[in-house]
Amino acid sequence: MRISVAISFLIFITSLTHESFVIATGKTVHGRITGGTPAAIGEFPHVVAIKVDKEFRCGGFIYNERWVITTASCVYGFTNLLDRVTVEAGVVSLDSTSVPSQQLIRIESFHVYDSYDESLTGPLHDLALIQTNSPFIFDSNVNFSYYDELSQNPEQLIFTGWGSTTGVNGGLYSNELQNATITLNNNSTICQLAYEIYNNAYMICTGDELDHASPCYYDEGSPLMQNGFVVGVMSRNKGCDAAGTIEPTIFTRLSPYYNWISTTAGLQPVLSNLSL
């Protein structure tokens, strides 16, 4: 069952400084994609880059004209940095400065899910909402995405993010937006061994021995898609060496948070009311 307003309309759409942050907040970064391929402008118009002092921090996706969904671990500690944080949409390169499709928007507020606990190794309720101080202007390069419940079919999922393209832990993020196909991992034992707090009701586990790509550092908050809908945002991962064993990655499953998201950020647009 679809969980968003007028979600059936979507089937008609064919495409729609780390350092300064650590100093200011004492937080570390966990999250990137290895084995991905570059995305084109307009291919994933819902994906955004979240920056602190103009340096990339993590990812997210557009929920509606004034709200972005990401993870709590992505923005935890940002409350006192509002004037230093921006959301960038309509770009695939983080070096873009004058691309016509670029929209760079400042932040009005952050809303971290109340039950989030950053001390956990695999944090439960790792979810946050960002309110922008001005609306996104929707077009073919900047747009929202509906989100939906995860299905067991197909097992292949699409992930997008600016994470590092190498398997070296601590590597730099990629300047180019990457996308990759990764596999749903239904082996709860493997996921539980990797993350003691793993809870299938609130999390999605990915990573298969046949996968050639994996999220990694700087991919926190970036969206996971299935059948054209976002189903989760990247939370934690224990390894991203595409040349070796792919370790499980956990995503925050979005569907259980429908009431909190809609109460905080309102409903999503109805596609028929948009000028695309």
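The legends below describe close-up views of a predicted model.

Local features rest on residues with pLDDT of at least 70 and side-chain atom pairs on pLDDT 80 or more, while totals for chains, interfaces and linings use all residues. Residues are numbered from 1 along each chain as its sequence is written, and side-chain values use heavy atoms, with hydrogens and water left out.

**View 1. An open sheet of seven strands pairs in the antiparallel sense.** The strand order is E2-E10-E9-E13-E14-E15-E11. Strands (E, at least two residues) and helices (H or I, at least four residues) are DSSP runs numbered from the N terminus, and two strands pair if DSSP finds at least two bridges between them. Strand E2 (37–38) and E11 are the edge strands, each pairing on one side only. Strands of a sheet pair through backbone hydrogen bonds, either parallel or antiparallel.

**View 2. Strand E15 (residues 249–253) is largely enclosed by the rest of the structure, because five of its five residues are buried.** Buried means under 20% relative accessible area, exposed means over 50%, and partly exposed lies in between (1.4 Å probe, protein chains only). Strand E11 (residues 203–206) pairs antiparallel with E15 over four bridges, and Met203 has Thr252 of E15 as its bridge partner. Strand E14 (residues 229–237) also runs antiparallel to E15, joined by five bridges. Here Arg236 stands opposite Ile250 in E15.

**View 3. The largest nonpolar core has 27 residues.** A nonpolar core is a set of buried Ala, Val, Leu, Ile, Met, Phe, Trp, Tyr and Cys residues joined through side-chain atoms within 4.5 Å. The residues with the most contacts inside this core are Ile50, Ile62, Phe78, Val85, Val87, Ile130 and Phe136. At least two core residues come from each of strand E3 (47–52), strand E4 (55–64), helix H2 (72–75), E6, E7 and strand E8 (128–132). A second, separate core of 15 residues includes Tyr63, Trp67, Ile69 and Leu129. In soluble globular proteins, nonpolar side chains tend to be buried together. Beyond its neighbours within four places in sequence, Ile130 has contacts (heavy atoms within 4.5 Å) that include Ile50, Trp67, Val87, Ile107 and Phe110.

**View 4. Helix H4 (residues 258–265) has four buried residues: Trp260, Ile261, Ser262 and Ala265.** Among the elements covering the buried residues of H4 are E4, strand E5 (67–70), E7 and E8. Gly266 follows H4 and has a positive phi, near 80°.

**View 5. The second largest pocket holds about 230 Å³ of space.** On a 1 Å grid over the protein atoms alone, a pocket is an open set of points with protein on both sides within 12 Å along at least five of seven lines, whereas a cavity is a set where a 1.4 Å probe fits but cannot get out; lining residues have an atom within 4 Å of a point. Grid points are joined across faces, edges and corners, and a volume is the space filled by probe spheres set on the points. This pocket is lined by 14 residues, with Lys51, Asp53, Lys54, Thr86 and Leu104 nearest its centre. Strand E6 (85–89) and strand E7 (103–112) are the elements that give two or more residues to the lining. The lining comprises two nonpolar, four polar and eight charged residues. In this classification, Ala, Val, Leu, Ile, Met, Phe, Trp, Tyr, Cys and Pro count as nonpolar, Asp, Glu, Lys and Arg as charged, and the others, Gly among them, as polar. Asp53 lies in the loop between E3 and E4 and is partly exposed, at 30% relative accessible area.

View 6. Phe44 lies in the loop between E2 and E3 and is buried, with a relative accessible area of 12%. Phe44 and Phe144 are 100 residues apart in sequence, with their C-alpha atoms 9.6 Å apart in space.

View 7. Asn227 lies in the loop between strand E13 (223–226) and E14. Most residues other than glycine have a negative phi, and most peptide bonds are trans.
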